[in-house]
Each structure stands twice: as C-alpha cells, then as structure tokens.
Amino acid sequence: MEIPHRPGGLLARILGRERSLLAVDLEAKQGELREAVGGSRLLVIGAAGSIGSAFVRQVVAFRPRALHLVDPSENNLVELVRELRSDRVELPEDFRSVAVALGSLEFDHFLASEPAYDRIVNLAAMKHVRSERDPFSLMRLLMTNVVFLDDLLRAVARYPQTAVFSVSSDKAVNPASLMGASKALMERLLLVHSGVTRCATTRFANVAFSDGSLLHGFGQRLAKGQPLAAPTDVRRYFISAEEAGQMCLLAVFLGANRDIFVPRPVEGLSLKPLAEVAELFLRAHGFSPILCDSEAEARAIAAEPGFRERGGWPCCFTPSDTTGEKPYEEFVGATERVDYGRFAHVGVIAGEERLDPMPVRQALAAILRVRQGEAWSITALAAALSLAVPELSHRPLGRDLDRKM
C-alpha cells in the first residue's frame with residue numbers, strides 16, 4: 001500500500017510535514033550531485049525494496065553512465081524496471097537488472113564478470129527485530145547484514161576507485177535488539193575496511209509504509225478487515241521512502257570516507273507514539289478507534305457482520321512486552337560528534353580512523369563458528385555480537401512479536 005507524499009495526504013499528516021525533509025539540501029547540492037553521479041558506473045544491491053527503489057528513482061535523474069540493479073525478489077525487480085521504463089526519465093544505455101541475492105554464488109560470479117564500479121550501494125538488509133525470535137532467522141539476518149557485506153568488501157578491495165555504501169539504522173545506537181547490534185557491527189566493519197575502500201553509511205528513522213513496516217501492516221489490516229495493534233509506550237521517528245532515498249543519495253555521492261549521515265533534529269521530525277499514529281491512520285480513513293482490552297475482544301468485533309459500516313475500528317493498544325523493543329530510537333551516540341555545518345537538514349558523524357579491527361574480526365569468526373556447528377542458539381549468536389558491540393543491552397523476555405497480533 002503505497003502512500004503518495006503529497007501536501008495534505010496521509011503520509012504528510014503522519015510525518016508532520018508536507019515537503020521533503022531533504023528538499024533544501026537537494027536543491028543546494030544539485031550541481032555537486034550531477035558532477036558526482038554523471039558518468040559513473042553504479043551497482044545497487046537490494047534495489048527493489050522500499051528504500052532501494054526510492055534511491056533508484058532519485059539517482060536516474062542524475063544520468064549515471066551505467067546502472068545495474070540486483071535484488072532476489074524477481075517480481076519486485078520486474079515491477080521497478082517496468083516503472084522506470086514507463087516513466088519520463090532517460091535510463092543509461094548500460095542498464096541491467098539481475099535477480100540474485102548478495103552473498104550467493106550467482107552474485108559472486110556476476111560481480112566478477114563486470115568491470116569495476118565507481119559506487120556500490122548496498123541496501124540489502126533484514127530489518128525486523130522479530131527476526132531474532134529463533135537462531136535460524138537470526139543467522140540469516142547476521143549473514144545478510146554483516147557477513148555477506150564483509151565478503152563484498154573483500155572482493156572489491158582490488159579496485160581502488162570503488163566506493164561502498166551500506167545502509168545502517170537508528171537501532172544501531174545503544175542497541176537493545178540483536179538486529180540493532182548487527183547494524184552497529186556493520187558500521188564498525190565499514191570502518192575496518194575503510195583503510196582500503198572508501199566507505200560511508202547513513203542511519204535514519206522508520207520508513208513510513210515501507211514493506212513489512214507497522215504502518216504498511218495498518219494498511220493490510222484495513223484491507224482485510226482485521227484489528228489494528230500497536231504498543232502504547234513506544235515512540236518512533238518517521239521519514240518517507242522518498243526521504244530515505246534522498247538521504248542515501250547524499251551519503252553515497254557526497255559523503256567522505258567513514259562518514260555516517262544522520263537526520264538533523266528539526267521541526268517536523270519528532271518522536272511519535274505508535275498508538276497515536278494508528279489512531280491518526282484510522283481517522284484519515286474515516287474510522288474512529290474502538291479501544292479493546294484484549295486481542296480476543298478486538299478480533300470478535302472485527303468478526304461482526306457489517307462492523308465497517310458503523311464507523312469504528314477495533315484496536316488493541318498494549319504496553320510493549322517483547323524482546324528487543326526500545327521505548328525510543330536515537331540517531332547519535334553519547335560520544336559521537338556531529339557536524340551540522342555541511343547540510344541544512346543532515347548531520348555527519350566522522351567515523352573512527354583507527355578502529356581496532358580485532359573485535360570485529362572476532363565477532364565475525366564467532367558467528368561463522370556457530371554457523372558451521374550443529375547446534376545453533378540465540379545465546380551463542382548474541383555472545384558473538386557482544387564481542388564487537390559490548391554496549392548491546394539485550395534482555396530476553398521469552399516473548400516475541402510473532403506471539404502478538
């Protein structure tokens with residue numbers, strides 16, 4: 001369910017702004033972006049996801065010489081290509097889409113078959129805290145978010161002209177989840193490789209209505225006549241997919257080695273309670289929330305014939321009681337210093353130049369040892385992450401989001 005970012009639209013009401021947060025910076029940096037993007041060879045990994053496709057829509061306007069899109073989702077990749085071919089933008093002559101996954105043998109052969117890229121943009125990621133509910137999903141998350149990126153950085157190290165960007169998350173700051181810790185480890189992995197390959201990243205907020213997000217789920221529940229559920233004590237920042245793509249565009253082409261781009265706290269970017277966002281969503285669709293005391297009560301109301309016509313919608317809003325959820329997210333750690341002078345609405349953190357690579361290498365080796373063993377456990381993988389991310393505050397509560405509506 002894609003919500004257009006238009007004045008007065010639902011997305012604008014949820015975001016609290018009718019213009020892109022990055023509009024001023026994009027206008028000011030048009031010339032620099034055209035010079036940096038124009039004539040470049042560009043590979044986008046995870047190109048068909050919500051953020052990847054938003055980035056691709058942004059970058060084609062600046063006329064790269066080559067644009068190659070990689071994503072394992074064949075259907076989403078086909079739709080993105082159809083959209084681009086049907087739009088009024090001019091695609092480069094060297095334009096390709098390849099339906100393979102980062103970390104696969106097929107991807108490795110594809111990368112080896114191509115001349116060096118100027119920029120590789122990695123937007124492939126597993127982003128859900130619920131993926132740490134079992135060691136099998138968690139292992140896939142760690143391989144996707146960290147180990148396969150390490151393999152990629154090793155492969156491109158022989159090309160001095162290639163710069164690599166890999167997307168991070170606000171959950172990487174003071175992580176309470178293993179997903180967040182994987183992104184913190186990813187940032188440190190980039191710093192380890194930055195002595196050979198120019199690397200940059202960006203942290204940003206929840207992307208409203210991106211595939212699999214809570215707001216996307218609200219749209220699905222409405223379409224299927226099912227109750228809405230949200231925590232009462234969790235607040236999040238929200239940006240649009242368009243803004244996420246724009247922030248990646250700035251970081252990929254205007255970021256220096258080791259830069260971490262973050263949104264600048266400004267009017268229109270504030271923490272919003274998720275239960276309030278759910279109520280705003282319902283009212284925008286003409287419904288009033290019916291506050292229920294239990295999931296069973298909410299499901300019973302949704303099962304009543306003609307409940308839509310009465311103008312109310314069942315909701316179950318309860319305190320968060322699942323592993324890995326933080327009450328709020330952060331963009332900047334306590335010891336990090338942010339430069340707000342380079343952009344109007346973006347801050348830039350300069351990553352450490354002399355990060356000790358040993359903890360990162362130890363964490364990667366520990367993850368792979370678990371993978372090669374017969375008995376996988378969340379405890380062992382959490383311990384591996386803690387080798388490089390000692391600030392991880394992970395409290396297993398014995399309850400995950402799959403156990404809730």
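1. Arg-63 sits in the loop that links α4 to β2; helices (H or I, at least four residues) and strands (E, at least two) are DSSP runs, numbered from the N terminus. The phi angle of Arg-63 is near 60 degrees, which is a positive value in a residue other than glycine. Arg-63 has a relative accessible area of 48% and is partly exposed. Buried means under 20% relative accessible area, exposed over 50%, and partly exposed in between, with a 1.4 Å probe and protein chains only.

2. On provenance: this is a predicted model, in which local features need pLDDT of at least 70, side-chain atom pairs count only at pLDDT 80 or more, and totals for chains, interfaces and linings use all residues. Residues are numbered from 1 along each chain as its sequence is written, and side-chain values use heavy atoms, with hydrogens and water left out.

3. Phe-209 also deserves a look at its backbone. Its phi is positive, at about 70 degrees, although Phe-209 is not a glycine. Phe-209 lies in the loop between β7 (206–207) and α9 (214–224). With 7% relative accessibility, Phe-209 counts as buried.

4. Phe-209 is one of the residues touched by Phe-281. Phe-281 belongs to helix α11 (residues 274–284) and is buried, at a relative accessible area of 0%. Leaving aside residues up to four places away in sequence, Phe-281 touches Leu-10, Phe-209, Phe-218, Gly-219, Leu-222 and Leu-228; contact means heavy atoms within 4.5 Å. Leu-141 is 140 residues from Phe-281 along the chain, and their C-alpha atoms are separated by 30 Å.

5. Which residues of α4 are buried? They are Ser-50, Ile-51, Gly-52, Ser-53, Ala-54, Phe-55, Val-56, Gln-58 and Val-59. Because 9 of the 10 residues of α4 are buried, this helix is largely enclosed by the rest of the structure.

6. Helix α5 (residues 74–86) has 13 residues, which at 1.5 Å a residue should span 18 Å, and its end C-alpha atoms are 18 Å apart, in agreement. The expected span of a helix is 1.5 Å times one less than its number of residues. The buried residues in α5 include Leu-77, Leu-80, Val-81 and Leu-84. They cover an arc of only 95 degrees around the axis, so they lie on the same side of α5; the arc is that of the directions from the helix axis to the C-beta atoms. An α-helix has 3.6 residues a turn, so residues three or four places apart point the same way. Asn-75, Arg-82 and Ser-86 are exposed on the other side of α5. The partners against which the buried residues of α5 pack are α4 (50–59), β2 (66–70) and β3 (94–98).

7. Helix α13 (residues 357–372) can be read in a similar way. Its 16 residues should span 22 Å at 1.5 Å a residue; the end C-alpha atoms are 23 Å apart, which agrees. Val-360, Ala-363, Leu-364, Ala-366, Ile-367 and Val-370 are buried in α13. They cover an arc of only 160 degrees around the axis, which puts them on the same side of α13. Arg-369 and Gln-372 are exposed on the face of α13 turned away from its buried side. The cover over the buried residues of α13 includes α7 (135–156), α8 (178–193) and α14 (378–388).

8. On cysteines, the structure holds 0 disulfides, a disulfide being a pair of cysteine sulfur atoms within 2.5 Å. Cys-248 is buried, at a relative accessible area of 0%, and Cys-315 counts as buried at 0% relative accessibility.

9. As for the whole chain, its secondary structure comes to 14 helices and 16 strands. Of its 405 residues, 54% count as buried. Among contacts between residues at least 6 apart in sequence, 79% join residues at least 24 apart. The C-alpha trace spans about 65 × 55 × 40 Å along its principal axes.
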